[in-house]
Amino acid sequence: MRQTARVVVIGGGVVGASVLYHLARAGWTDVLLVERDELTSGSTWHAAGGMHTLNSDPNVAKLQAYTIGLYREIEERSGQSCGVHLTGGLLLAGTPERMDFLKAAHAKGRYLGMATELISAEEAARRMPLLDPAHFIGALFDPMEGHVDPYGVTHAYTKAARALGAEVVLRNRVVELRQRTDATWDVVTESGTVHAEHVVNAAGLWAREVGRMVGLELPVLAMEHQYLITEPMPEVAAAEKELLHVIDFEGEIYLRQEQGGMLMGTYERAGVPWSVDSTPWDFSTRLLPEDLDRIAPSLEVGFRHFPAIGRAGIKKVVNGPFTFGPDGNPLVGPVRSLRNYWCACAVMAGFSQGGGVGLALANWLVEGDPGFDVWAMDVARFGPFATPGYTQAKVRENYSRRFRITFPNEELAAARPLRTTPLYDLLVAENAVMGASFGQEHALWFAPPGSEPVEHITFGRSNAFPVVAEECRAVREAVGLLETSNFAKYEVKGPGAEAWLGRVMAGRLPAPGRITLSPMLNEAGRLIGDFTLARTGEERFLVFGSGVAETYHLRWFERHLPPSGVGLRSVTSELLGVAIAGPRSRELLAGLTGADLSTGSFPFLACRRMEIDLVPVLVGRLSYTGDLGYEIWVEAPCLRRVFLALREAGEAFGLRLFGARALNSLRLEKGFGSWAREYRPIYGPREAGLDRFVDYTRGGFIGHAAAVAEKAERRLITLAVEAKDADVSGDEPIWHDGAVVGWVTSGGYAHASRASVALGYVPADFAEAEAFEVEILGDRRPARRLAAPLFDPKGERMRA
């Protein structure tokens, strides 16, 4: 074993092997994989080996397609067969709602280049003769599904990596990780110590233990997972070719051919966590006791849907642990506040995602950026709220729902409420329907008095639709009140604060008492954030950003922080807020503060300290509604008093509470984008229409050269869609002249303008076209490009 290495990868499952191969392929051959036992000896060896391209996140779907295409490459490089069976697969729908889900998946596949096909239940039975079509109404066929040999894939990765110069050491457990003052690592193993620049935690079942070596409590949990293998079946023997993979959503089962029989597995609703607190180091190539009673309800449905399997004998039952993250996606990337420590954990679908995870992490290490959008897998999408208790609740929920529909307007209940503000009980008393973001409860909309505060889940317009319309009308005609505490807030101060912000932000910096809006770019000139900057003193700024990206942005900020002269800290929990918006918002605030709020005294994008009912507040003259409005920021203990004062005084002005659903509707009719939808690391500022906020005239900010050179091959446009009873929710294809040319990033119904709106990206060549179509649940609806916002196109109300 070498004594020094550029990277030590801990863990010899399919993910660790993929990371090793991709690092070596990228030219970093001084890399070492250390495995406590044998390759595949954790979860990999007993996996069913299924692979597929479809995923709810299109960026993850692209990585899954890459993984499947990679197998031929590593077979050729290694001489090791991966045992690839590319049979194609069926996703079966037994209800109209599930068929709508498949229509949406098929539509999404259009712009991803996937050749999926919607077929009837009868056609599905012709292609997969074991199923009884009487239980289904249709299906989606995907030619890029199949299975591989877990042993073969893992060894193909490592053999190919070794051929490039990488080293693999087996039967050698890592027992300690010590970081030196220069941020390099001493990796202490049973056979000696390796000095490494970087450490990658790809330890699978032992990811928590390897995290705890450096003080991390990673949100990872193993669940018991069972599948059975039948005795040889005459129906299988009679098939002309290998049978298709199948996912039966109603039965919550998956199945594929296994030699002369069938393999059937399930993600049962009564899932059981395994080894909740820690994973024994001596657990290796062992299975757990079978528990067919636990999965019997799913198997009974499966046997009805596939009668021949019900008649077959059971040859073997496999029950083994697999790791999951709280939302079912992997945990990938650098860990905040811990230099040169990387994660590649919780990759449950290792044979669909392992190649993409390895590519992303290798790019990140070698180039400083994953090279594509990995937000859905980024370890930074969770914060300190993701405790072991939270993780267990969410993993159990996610496991039980793996084959169930999560509707666009659905809010999942596990581990809630978790983070609440002093307004929580007041909002609930006002009949708020609550949602959660980054663990933070916030109001979505307010159900009418006397009704249940419950939103009916659907792909169409829900019972919230008419109520949200009234909330929007109140904002546009009078004044609305919204809690805004779920935004992330950072304090930046010190003699170097202005220079540092000028380095990390691409926009203009505000003068004291003023506010500016600024994108943040990476070195490639791509968007990694959009912020509101308020300057409250010569050396003090408040920075407001997306709440869900707080850890993600803190990681970036801290990476670029100088050793002295700048103080940075999150004040998200200390500084809470509300916003008022609408034509009467100025009158309301003036009456409470006694301040002169005229445009001459307090213009658009000004900020000032004021007092509301004895409480000192910071008021900013801006509103995401695109209307006349104010954001009011206050220390947490005083938020309740400020809210009640606004609520009481607002009665005279027709004030109404509104929530996130109305805010989304209002921002759509202004064409305002949002982080993680319109603004992501795959887009540049010109493409996203944020170039007006970039100060190209000054150099020195990160990504400046790339931003100046940006070609903007695509453009963000706003469309008015002739929708029926369903609006876009995101990821729908955009058509032009009979071809798919782009995709929707977000949308909904703009109530005040009575229009269904979609925001999305199309090639620059089509950005000035007028007529488009947007495919909603399989129905191509006419759409027209909006050259100006539907509401207040000149911004006169916003600046009034």
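Contact here means heavy atoms within 4.5 Å. The model is predicted: local features need pLDDT of at least 70 and side-chain atom pairs count only at pLDDT 80 or more, while totals for chains, interfaces and linings use all residues. Residues are numbered from 1 along each chain as its sequence is written, and side-chain values use heavy atoms, without hydrogens or water.

Start with the whole protein in cartoon view. It holds 21 helices and 38 strands, taken as DSSP runs (H or I of at least four residues for helices, E of at least two for strands) and numbered from the N terminus. The C-alpha atoms fill a box of roughly 85 × 65 × 50 Å along the principal axes. Of the contacts with a separation of 6 or more, 72% join residues 24 or more positions apart.

Next, colour by burial. Buried residues (under 20% relative accessible area, 1.4 Å probe, protein chains only) make up 60% of the 800 residues.

Now select Val200 and Phe557. Within the largest nonpolar core, which has 121 residues, these two touch the most other members. A nonpolar core is a set of buried Ala, Val, Leu, Ile, Met, Phe, Trp, Tyr and Cys residues joined through side-chain atoms within 4.5 Å. Then select residues 14–25, helix α1, which supplies the largest share of this core, eight residues.

Return to Val200. What is valine 200 in contact with, leaving aside its neighbours within four places in sequence? The list is Val7, Val8, Val9, Ile10, Val19, Trp342, Ala344, Leu361 and Leu365.

Last, select Val187, Trp206, Ala222 and Phe283. They are among the 39 residues of another core, apart from the largest one.

Methods: Buried < 20%, exposed > 50% of the residue type's maximum accessible area, 1.4 Å probe, protein only.
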